[in-house]
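Subject: The structure, and what turned up in it

Hello,

Here is the structure I promised to pass on. Please open it beside this email, and my notes follow below.

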Amino acid sequence: MKAKIEGSPAFAHIHFDLDPGDQLTAESDAMASMSAELDMDTQLNGGLFRGAARKFLGGESLFINTFTNNTSSACKLTIAQGTPGEIREVKLENNSICLQPGAYICSTKGLKLGLKYAGIRSWIGREGLFKLVVSGSGTLWYGAYGALIDKEIDGEYIVDTSHLVAYDPNIELKVQL
């Protein structure tokens, strides 16, 4: 599978060349265009109860699409997020990353989406009662409205509400006035 992010930072989208047998999972509204030969399967995001929890507690889609290349040649797929902004690619190797609601765009096989209780403080800070945790081994693409800025955190660091997009699960979040 080849992936290329274009249009950054304002109107980022991802062009994929899916080799035979490749599979990509994406938010239900993320597909912008695709080869007619690709198979697309739509299903609930983890079943009825888990899908509803991810939708209402984690800010993600109720449905997800899985694109599979069952042909003998490469097929094209273009994925875009619902808002204008930047997209980031992260390779996970048996580890996890937390995402703000709505940041998940798509991922390869081997990654699992789950919810983790974020606490009442997070809910008061309008970050949600639960956070989306992506774990396993594979490649993840996430995005946000506007540009994404990487920060190495050593000690305490203050980020205003809804500006934290992706972070290590070991980071302790505290809400303050």
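Two strands count as paired here if DSSP finds at least two bridges between them. With that in mind, please remember that this is a predicted model.

Let me begin with strand β11, residues 130–145, and its partners. Tyr117 stands opposite Phe130 of β11, and this belongs to the pairing of β10 (residues 111–117) with β11, antiparallel over seven bridges. Strand β8 (residues 85–99) also runs antiparallel to β11, over 12 bridges, and there Ser96 faces Ser135 of β11. A further partner is β9 (residues 104–108), which is joined to β11 by three bridges, again in the antiparallel sense. In this case Tyr104 has Tyr142 of β11 as its bridge partner. Of the 16 residues in β11, 12 are buried, so the strand is largely enclosed by the rest of the structure.

Next, the open sheet. Four strands build it in the order β1-β2-β7-β4, with antiparallel pairing. The edges are taken by β1 (2–6) and β4 (31–34); each has a single partner strand, so one side of each has no neighbour in the sheet. On average, neighbouring strands of this sheet are turned by 20° against each other, direction ignored. Five bridges hold the antiparallel pairing of β1 with β2, residues 13–18, and Lys4 sits opposite His15 of β2.

Now to the charged side chains. How many salt bridges does the structure hold? There are five. Glu86, Arg88 and Asp150 are linked in a network of them. Within it, Arg88 and Glu86 form a salt bridge whose closest N and O atoms are 3.4 Å apart, while Asp150 and Arg88 meet at 2.7 Å, N to O. Asp150 belongs to the loop between β11 and β12 (166–167) and Arg88 to strand β8, so this pair ties together parts that are 62 residues apart in sequence. Are these residues buried or exposed? Arg88 counts as buried because its relative accessibility is 18%, and the cut-off for buried is under 20%. Glu86 is buried as well, at 15%, whereas Asp150 is exposed, at 60%. Another of the salt bridges joins Lys91 and Glu89, with the closest N and O atoms 3.0 Å apart. Here Lys91 is exposed, with a relative accessible area of 55%, and Glu89 is partly exposed, at 33%.

The disulfide count comes to zero. Cys75 is buried at 3% relative accessibility, and Cys106 is buried at 0%.

Last, a word on Met40, which lies in strand β5 (residues 39–44). Its relative accessible area is 41%, so Met40 is partly exposed. Leaving aside residues up to four places away in sequence, Met40 touches Met34, Asn65, Thr66 and Phe67. Met40 and Asn69 are 29 residues apart in sequence, and their C-alpha atoms are 9.0 Å apart in space.

Happy browsing, and best wishes

Definitions and conventions. Residues are numbered from 1 along each chain as its sequence is written. This is a predicted model: local features need pLDDT of at least 70, side-chain atom pairs count only at pLDDT 80 or more; totals for chains, interfaces and linings use all residues. Side-chain values use heavy atoms; hydrogens and water are left out. Helices (H or I, at least four residues) and strands (E, at least two) are DSSP runs, numbered from the N terminus. Axes are lines fitted to C-alpha atoms, for helices over the stretch in contact, and angles run from 0 to 180 degrees between N-to-C directions. A disulfide is a pair of cysteine sulfur atoms within 2.5 Å. Buried means under 20% relative accessible area, exposed over 50%, partly exposed in between (1.4 Å probe, protein chains only). Contact means heavy atoms within 4.5 Å. A salt bridge is a side-chain nitrogen of Lys or Arg within 4 Å of a carboxyl oxygen of Asp or Glu.
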